[in-house]
Amino acid sequence: MAMEMAASLSSMAVATAAKPKAKPHLLAPKTLALRNAPSIISFRSYQTHTSKNPLLPPIKSLPPPLEYEAASGSLKSRLAAGETLYGLFLVSASPTLAEIAGLAGYDYVVVDMEHGPGGISDALPCLRALAATRTPAVLRLPEASATWAKKALDLGPQGIMFPTVDTPAAAAHAVACCRFPPRGIRGSAHTVVRASAYGLDDGYLTRCEEEILVMCQVESFDAVAEIEAIAAVEGVDVVQMGPMDLSASMGYLWDPGNRKVRKVLTDVERKVLGVRKRRTEAAAAAEGGGVGGPYLGGFAMPHDPPEELKARGYHLVAGAVDVGLFRRAAVEDVQRFRLAETEIGEEGDEYEKPREESYWSE
């Protein structure tokens, strides 16, 4: 029996000695920079230690503290600096068009989940495409609910747009949806969601509520009656006008440029800008620093181009919709072909007709 035990121990020793030495795991590059829409987060690589026990794999030590650097080009910081931002609405839920929009130079892109086919799963690839071009993303929710806000915020956009905010109570609810308890009602999964770099960003909770741009859409005649109270709700960063739905609520669905609609819209603009002016003056008198909002956001229309919105004091101007841009380009391309004059039967005309230098795709 003693001989059998000795042989068994000997064979285990040989097997242990023959086992190749475990290689340290490749955990991360020396420096990893995550450039998400709201922020820039830098991580140092993990360290590996080889255990003295040859039967155990290398042990990963705890990472050093994360290095966080606030993005200088965030939407809130640019608005606070007095910039007028020009954006695009992405209705198609296409990551390719989102990437093109970012490369084109839009200041922000609204990924629209209220209209169009896209939902949360479709929005995520669009946010990744925009992050690759360092373009801030705003998510417009299908409805002003805590459930939709929670899922959207977990994706990590710079802004959330709540549709159809008709009362001050609805505006306060929108703000609460973007705050963790006890300040709000947002559900917490910050240790595993994209907004916190899947839990790698230890500073997420200290910044997230101040960084997110809360946008409330005023797009009904009922909301117009309470516009000043809505704009004055603490935490509402942007009052976003909705001219299409506003005109429909006034009985002018097919005539958003109607004189009566434009008069109401002008009055709302004046009141929102008035709330901001009074808040700014009060902050200056109290020497309390800058004022975050409310800013005024709007949609350009054929009868109300983006330059005019900027001239009237809008801080965020959405000048186009991705589907509308493609539709116009496609229709013009077909019309150009259909209306082109063709000369048939004239010998040598192909050498005489001047040609454009650019390619068809340009």
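Trainee: Which residue forms a salt bridge with arginine 270, and how far apart are the closest N and O atoms?

Mentor: The partner is aspartate 267, and the closest N and O atoms are 2.4 Å apart. Keep in mind that this is a predicted model. Both residues sit in helix α11. They are three residues apart, about one turn of the helix. Arginine 270 has 54% relative accessibility, so it counts as exposed. Aspartate 267 has 25%, so it is classed as partly exposed. The cut-offs matter here: exposed means over 50%, and buried means under 20%.

Helix α11 covers residues 259–285, and asparagine 258 lies in the loop that joins α10 (243–249) to α11. Asparagine 258 has a relative accessibility of 16%, so it counts as buried. Its side chain also has a polar partner. A contact of 3.0 Å links it to the side chain of aspartate 255.

Now widen the search for charged pairs. The whole structure holds 15 salt bridges. One of them pairs arginine 312 with aspartate 304, at 2.8 Å from N to O. Arginine 312 is partly exposed, at 28% relative accessibility. Aspartate 304 is at 6%, which means that it is buried. Another bridge joins the side chains of glutamate 83 and arginine 78, again with an N to O distance of 2.8 Å. Glutamate 83 counts as partly exposed, at 32%. This pair belongs to a salt-bridge network made up of Arg78, Glu83 and Asp107.

Next, turn to the strands. Start with β9, residues 159–162. Gly159 and Met161 are buried on one side of this strand, and Ile160 and Phe162 are buried on the other. Both faces are therefore covered. Strand β9 has a parallel partner in β8 (residues 137–140), with three bridges between them. In that pairing, valine 138 stands opposite glycine 159. Strand β10 (residues 213–218) also runs parallel to β9, and four bridges join the two. There, isoleucine 160 faces valine 214 of β10. The path from β8 to β9 includes helix α5 (residues 146–154), and the three elements make a right-handed β-α-β unit.

The loop between β8 and α5 is worth a stop. Serine 145 is in this loop. Its relative accessibility is 15%, so it is buried. Look past its neighbours within four places in sequence, and serine 145 touches His173 and Cys177.

Move on to the loop between α6 (168–177) and α7 (204–211), where proline 182 is found. Check the backbone there. The peptide bond from proline 181 to proline 182 is cis, with omega near 10°. Alanine 197 has a positive phi of about 55° without being a glycine. Tyrosine 198 is not a glycine either, and its phi is also positive, at about 60°. These features stand out because most residues other than glycine have a negative phi, and most peptide bonds are trans. Alanine 197 is buried, with a relative accessible area of 10%. Tyrosine 198 is partly exposed, at 46%.

Last, check how far the model can be read. The mean pLDDT of the chain is 83, and 73% of its residues reach 70 or more. Two stretches call for care. Over residues 12–51, pLDDT stays under 50, although the model has 77 contacts there beyond four places in sequence. Residues 59–72 also stay under 50, with 32 such contacts. Where pLDDT is low, predicted coordinates should not be read in detail. Treat the contacts in both stretches with that in mind.

Notes. Residues are numbered from 1 along each chain as its sequence is written. This is a predicted model: local features need pLDDT of at least 70, side-chain atom pairs count only at pLDDT 80 or more; totals for chains, interfaces and linings use all residues. Side-chain values use heavy atoms; hydrogens and water are left out. Buried means under 20% relative accessible area, exposed over 50%, partly exposed in between (1.4 Å probe, protein chains only). Two strands pair if DSSP finds at least two bridges between them. A crossover is right-handed if, with the strands pointing away from the viewer, the path from the first strand over the helix to the second runs clockwise. A polar contact is a pair of N or O atoms within 3.5 Å; within protein, one must be able to donate a hydrogen and the other to accept it, and residues adjacent in sequence count only if both atoms are side-chain atoms. A salt bridge is a side-chain nitrogen of Lys or Arg within 4 Å of a carboxyl oxygen of Asp or Glu. pLDDT is the predictor's confidence in each residue, from 0 to 100. Contact means heavy atoms within 4.5 Å.
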